Amino acid sequence: MSYFRKLETKLTHLLELLDRAERWLIVINADPDAMASALALKRIMIHRVDDVAIARVNEITRPDNLAMARYLRIPMVKLTPTLAAQFDRFAVVDSQPHHHPSFKDLHFSLVIDHHPLSEEHPVVADFKEIRNDYGATSTVMTEYLYNLGIRPGKLLATALQFGIKTDTASFERAFCDVDMRAYRYLSKFADHALLSRIVRSEFRLHWLDYFSRAFISMHKLGTGQYVYVGEVENPDILVVIADFFMRVHEIRWAAVCGVYGDTIVVILRGDGMGRDLGRYANLQFGDVGSAGGHRAMARAEIPLSTAEGRNVEFFIYKRLLAPRKRAKVKPEAKPDAKADAKAVDKPDVKPDVKPDVKPDAEAAPQPAQKAPVKALPVGTAAPPAGAPGVSDAPVAAVAPDAPVVTGAK
Ligand SMILES: [Mn+2]
């Protein structure tokens, strides 16, 4: 039985490119699919070239990605010009040369990816394989290993499984038949306990400060919950908390609010079946900031000055409760200002991933008019800056593998 397509010609071309006198550097924007694909390519190259190493252009901060790198012993160094100067040839997997500014200075001889090709940035390389129809580059790499007769070791097989699992969101996102076949094939060699250990590395210790703040400032809003976290060093933690609340059976949707610098950020997550959160966000906040998104995930960003010194927790709570009609929304409201919030919020979201918005004629928002306005419990005001959990560390840019909280203590 053959699991995969026959790749003889393709792989002959690949092997012809590998010269025993040359040193190769595999460059990645490290996420699970990229790390696994790099590991597989390294395995293919290792006895065929003088040396091969993996370099990443980003910091890894997501706990599951850190766990993957640690438990699967993925050897990686940070890409620097000094490092690059020590290599003769460059490969990039799970990305294309125009995807990251750090790739720009390198000439890539090999590109293997599954993101859509861009007309503006055609990929030029001695060897290229762009499988837009595949859910993961790890699938392509599994086909290569299979065709080359290389049986993946335990760590490599586990890495490739995690790459496929992540990029297809455990086969809940777009995937094709061969992704599934590759996953099944790899499961013969992978370590299942190790995989679940990685999958279950979901949180980081210093995030728990934010969780404890969230748990003491929960306010029921109909079938949902409004949660106030206070000042955050990175708004991505709000996404982590909102996703966490969506795992609670009784909670149909959650609005998680925090203050990031001089901006109030509200992250909304829902089960996709109830209210349209993108429209809700726009109705409640479109007049004072940028607000919008999809049915199940939305975001609002409001200048802190809008609260005019009022208690931010209560200010947002009242806004979430207020019945609003579309007519009241000012025309300058930007409904889709953050429609691509997903690209910021979610890990591993690639250009080929379609938003999970389902057309729904009954998408009319249902502002929570009926929920009674309750006085907020005492002691739920925003913790002052410098309070436990509010790090003084400089705020780092959002890492490509967001959601993350960087500048960890
Ligand atoms: Mn990928």
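**Strand S4 and its neighbours**

The bridge partner of isoleucine 26 in S4 is alanine 91. This is a predicted model, in which local features need pLDDT of at least 70, side-chain atom pairs count only at pLDDT 80 or more, and totals for chains, interfaces and linings use all residues. Residues are numbered from 1 along each chain as its sequence is written. Strand S1 (residues 23–28) pairs with S4 in the parallel sense, over four bridges; two strands pair if DSSP finds at least two bridges between them. Strands (E, at least two residues) and helices (H or I, at least four) are DSSP runs, numbered from the N terminus.

Alanine 91 also has a bridge partner in S5, namely leucine 110. S4 and strand S5 (residues 108–113) are likewise paired in the parallel sense over four bridges.

As to burial, S4 (residues 89–93) is mostly covered, with five of its five residues buried. A residue is buried if 20 or more other C-beta atoms lie within 10 Å of its own, exposed if 12 or fewer, and partly exposed in between, the C-beta atoms being placed from the backbone. In a regular strand the side chains alternate between the two faces of the sheet. Both faces of S4 are covered: on one side Arg89, Ala91 and Val93 are buried, and on the other Phe90 and Val92 are buried.
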